[in-house]
Amino acid sequence: MNEPATFQLPEQMSTVASEVDWLYYFIYWLSVVLFVAIVGAMVYWAIKYRERPGHKAEPTGHNVPLELAWTVAPLFILAFLFHKGFEGYMDMSVAPANAMEIHVNAKQWGWEFVYPNGGSDNELHVPVHQPVKLIMSSTDVIHSLFVPALRIKRDIVPGVYTSQWFEATHIGSDDIACAEYCGGRSKDANGDELPFAQMTGHWSMHSMLHVVSEEDFKKYLIGIGDKCAAYTLKNQACPDSIVVGEGQKLYSKKACVGCHTVTGAKLVGPSWKGIWGKEESTDHGPVKVDEAYIRESILDPQAKVVSGFPPAMPPFRGQITDQEIDEIVAYIKSLKD
Amino acid sequence: MAAVDIPLIGGHEADSHGDPHANYLKAKRGIGSWMLTVDHKRIGLMYLTMVSLAFLVGGIFALLMRIELFTRGKTIVDAETYNRFFTLHGAVMVFLFIIPSVPAALGNFFLPIMIGAKDVAFPKLNLLSFYIYLVGVAIILTSIILGSVDTGWTFYTPYSVQTANSVISMTAGVFVLGFSSILTGLNFLVTVHTMRAPGITWTRLPLFVWGMYATALIQVLATPVLAITLLLLITERFLGIGIFDPKLGGDPVLFQHFFWFYSHPAVYIMIVPGMAINSELIATFSRRAIFGAFAVAMSSIGLAILGFLVWGHHLFVAGMSEFATMLFSALTFLVAIPSGVKIFNWTATIYKGSIVWASPMLYAMAFIFLFTIGGLTGLFLGTLSVDVHLTDTYFVVAHFHYVMMGGTVIAFLGGLLYWWPKMTGKMHDEKKAKIGFVLVFIGFNTVFIPQFIMGSRGMPRRYYDYLPQFEPFHKASTIGSWILAAGLFLTAYTLLEALWKGKTAPRNPWGSAGYEWATDTPPCVANFHTTPTIKRGPYDYHLATPEELATGWDEVESAHGTKPGASSSAKKA
C-alpha cells in the first residue's frame, strides 16, 4: 500500500492514497489512448488526404449511428469516473468515530496544531495507523491545508469550522502547504523592501507532517505539553525560567514571529526588544507598555495601535489562554535589554 | 454565389457613412471617421487593436512572472510585486483580452457579413459598447497605476475586503466592462434573428455564427450576475455591510458561489468562440462540410446551457455539502459530451477531405491537439477524489491554459491569419506565419506540460517561492515562455508586415465556400453591393460553382505581374 513516489505523484502515506492514485492513473491511461487515437487519426488523415493534383474532397455524408455512438458511449465512461470519484470522496469525507481530534488554527502566515492535551506546535505530529480528524479554523482569510502525500486538501474558512481526516499508513515525514491564496508581505512598516528571508506570505505557510510510532507520539505529547501545568497542579509557583521558555515557544507557535522581531528590527509590528516598560505613543494617546497593555493588545489589537504601525494584527480572543498570555508577558519582560 | 439584384435599403446612406460601394477602409478618412464610425467592420478593427494591446500587456505580466519563478528565492521582484503580477496577468487576460477577443473583434467584423447583412442590428449601440469597453480599460489602468491589486483575478473574500489595495477601482472597471459585453451579446442575438439574408435559414447558418449566437446568450444571461457580485463587494468595502466578510457576519464562500456563477459560464464565453473559428478553418482547409454540422452547432448551445450548471466544481474543497458536491461533479462530466462531439466531428471532417496545410489550418489542428489535452485533463478534475489532490495546484493552472490559450488563443491566431486578407486586403507571408506557428506550438507545450507534472506532484499555485524539488520544472516552464513569446512576436510581425509589404489579396485567397468570401476584399461599406440570396450552405463545396471557389490569385498575378505571397496551395480552388 505504501508506494514510493512515481513520476507524476508523490509518495503515498495515507489509507486513501492508493485508491486516489489508481483512479488518477486509470484516467491518465484512458486519456493517453484517446489522445493518441484522436491526434493520430487527425495527423494521418491530414497527410493521407492532403491537397494534391487529381485529389478531390469527398462531399460530407451522414452517419447517424456513428454520431450517436460517440455521443452516447462516453456517457458510460463518465458515469464510471463519476462513481469512483464520488466513492473515494465519501471515504475522505466521513471520519471514523474513533478518530483523534487535532485542532488547526491557520493565520497569515503560519499554522498552529493544538493536540488533545492542550499542547500546541507549528508542525503536525500524528501516530501511525491512527485515524486523525483535523478541525480547522482561520483567524483572518481563507487558507487551505494541503498534504500531498496524504492526498488531502480542505479550505479553512474564517467564521466556520471545516474538517478533514486521514489515517497515516507508515512512519515518515512530508510537506504541508497552504493551497488557497492568502496574500503576502515583503515590505516593512516604512515601505522598505525586506530581505528575502523575512518575506512572508501564502508560499511561506510551509509546515511538516511527521508520522511517528505510538510510543514516540506519547513522548511528543508530553514534550509539547505546558511545562508549568505540573507546578500548577501541585499549587506551586512555576519557576521564571520555565515560564519565559514557554513564552518563547508561544512566540513562534502563535506566529508572533511573523510580525514582531526580538532583535529591535522593525517589521509590521513593533519589536519586542526593550519594549517592556516603555512609554509608546498610540492612536489613543501615550501608553505605558505593561501587563495590562500587552494583554489588551493580544486580545483586542486595534484598541490602541502604536504610532507608525498599521492596524494589521488579528485578534486572539478565544484562541489564547490566560496562562499563555502570562507566559508571553514573561517572555517580553525578559527581552527588556 | 448566386446573387439577385435587391436594391440596398436604409443602413449606410452615402452621405453619413460614405459610398456604400466603396472599400470600407477608404470610404472615409481621418481620425473622426474612425472614432464616430458605426460600421461594424471598423468597430471590429478598433476592438482588435485594443484586445491585441491587452494581450501584449497581459503577456508581459506572464513573462515577468515566469522570470521571477526561474530561480528559487527572489529573482527580480519582491513577493508583493509578484502577487500583483499574477493578479494583473489574470485580470487583464480574462476581462480585457479573452472575453472580448473573438466576439468583439472577429465576431463584430464577420457575423454580419456571414449572414449577408449590412451591419449589426444596432450599429450605434455597437459603438457605445466599444466606448464602454474603453472606459472600463481606463478605470482598470488607473487602478493599476494607483497601487494595483494583489487578490488574484478571482477577488476572493475576505482577503479582497481586507487587503489595502485598490480592489474597488479594479472591480468597478470589471463592472463597467460587463455592460460592454452585454450590449455586444444583445446586438448579436437580435442581428442573427432579424437580419439574415434571404436563403440563410437556421440550418445554413455558418458555424461561426452559431458559436457567436451561443456566446451571446451566455453574455446576456451571465454577465449581470458578475455585476451583482462586484456591486455587493463594493458595497461591503464602502459601507461595511456584512455580506461576505465573516467579521461582519457574512459568508466568504457565498462570494465564491456568486463569482463562479458568472465566471464559469464566462469560460464558455471564452472557449465557444474559439470552437466557432475552428469549425470554419477545418471546413475551408478540408474543402468539405463539417461532419455532423448540426450536432456541432447544437453542441455550442449545449455548452452554453451546461455552462450555467457547473459552477460548483470550483468549490469541491471550499466547504460545500457532500450532496451539492456530488451533483456538481455529475453535471460537470456532462460537459465532456458536447466537447467530445466537436473534437470527433472535426477529426471526421478531415477524413476524405482535401487538406490544405496553410497556416490557419496548422492552428486548427493545433487546437484539436491542445484542446483534447485540456479537455482530457478536465476528467481528472471532475473526478472528486482526484480533484481533492489536484485542485489549487499547477495542474489546474496547466489545465485551464490548455483550454483558454491552447483553445481560444490558438483559434484566435488561426482566425486572424485566415481572415487577415479579407479584413485588410493584404496577404501575409505564409512562411513566416508557419515558423511563428511552430514556435508558438513548441513554446506553449514547453510552458505547460511541466506545470501538469509539478502540479500532480503537489506544487500549489500562486506561490512566490517553491521547494527545491520543483526547480527543474519551473526552469523548463520559464524557458518555454520565451519560445512562446518569440513565436507570438513573429506572428504579430507577420501580420503587421503584410499591411505595408503584403501582396494585394484577391476576393477568396483560400478558395473557401464560406459566405464572407463572396464579397469584395476588403469588403465594401455595405458588405455586399446587392443583398445576396443564398442558395446553398456555407460548406457545400460540391454545390459551389467554380467561380465561387476561384481564389483569384491568377488575376492578381496577371494584374501585377508578380507571384502572390500565399502558398502555392492557396492558389488553387
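Start by selecting β3, β2, β1, β5 and β8 of chain A: these five strands, in that order, form an open sheet with mixed pairing. Keep in mind as you look that this is a predicted model.

Which strands stand at the edges of this sheet? Colour β3 (120–121) and β8 (162–167) of chain A to find out: each has a single partner strand, so one side of each is left without a neighbour in the sheet.

Show A:V114 and you'll find A:S120 of β3(A) standing opposite. While you have strands on screen, here's a handy thing to know: in a regular strand, side chains alternate between the two faces of the sheet.

Next stop: β12 of chain A, residues 207–212. Select strand β4 (residues 124–127) of chain A along with it, and you'll see the two run parallel, with four bridges between them. To get your bearings, click A:L124, whose bridge partner in β12(A) is A:L209.

Leave β12(A) selected and bring in strand β9 of chain A, residues 172–178. How do β9(A) and β12(A) run, parallel or antiparallel? They run antiparallel, and five bridges join them. Here the pair to click is A:G172 and A:V211, the latter being the bridge partner in β12(A).

Time to zoom out and show chain A whole. Its secondary structure comes to seven helices and 14 strands. Chain A has a radius of gyration of 28 Å, while the globule rule gives 20 Å for 337 residues; the value is well over that, so the chain is more spread out than a compact globule. Of the 337 residues in chain A, 37% are buried. And if you take the contacts in chain A with a separation of 6 or more, 65% of them are between residues 24 or more positions apart.

Last stop: show chain B as well and look at where the chains touch. The contact takes 73 residues from chain A and 77 from chain B. On chain B's side, several helices each supply at least two residues, among them α4 (79–114), α9 (252–286) and α16 (430–456). Which helix gives the largest share? Select α12(B), which provides nine residues. Finally, colour the side of chain B that touches chain A by residue type: 41 residues are nonpolar, 24 polar and twelve charged.

Note on methods
Residues numbered from 1 in each chain as written. Chains lettered and ligands numbered in written order. Predicted model: local features only at pLDDT ≥ 70, side-chain atom pairs only at ≥ 80, totals over all residues. Pairing = 2+ DSSP bridges. Contact = placed C-beta atoms within 7 Å. Nonpolar A, V, L, I, M, F, W, Y, C, P; charged D, E, K, R; others polar. Rg over C-alpha atoms; globule rule 2.2 N^0.38 Å. Buried ≥ 20, exposed ≤ 12 C-beta atoms within 10 Å, placed from the backbone.
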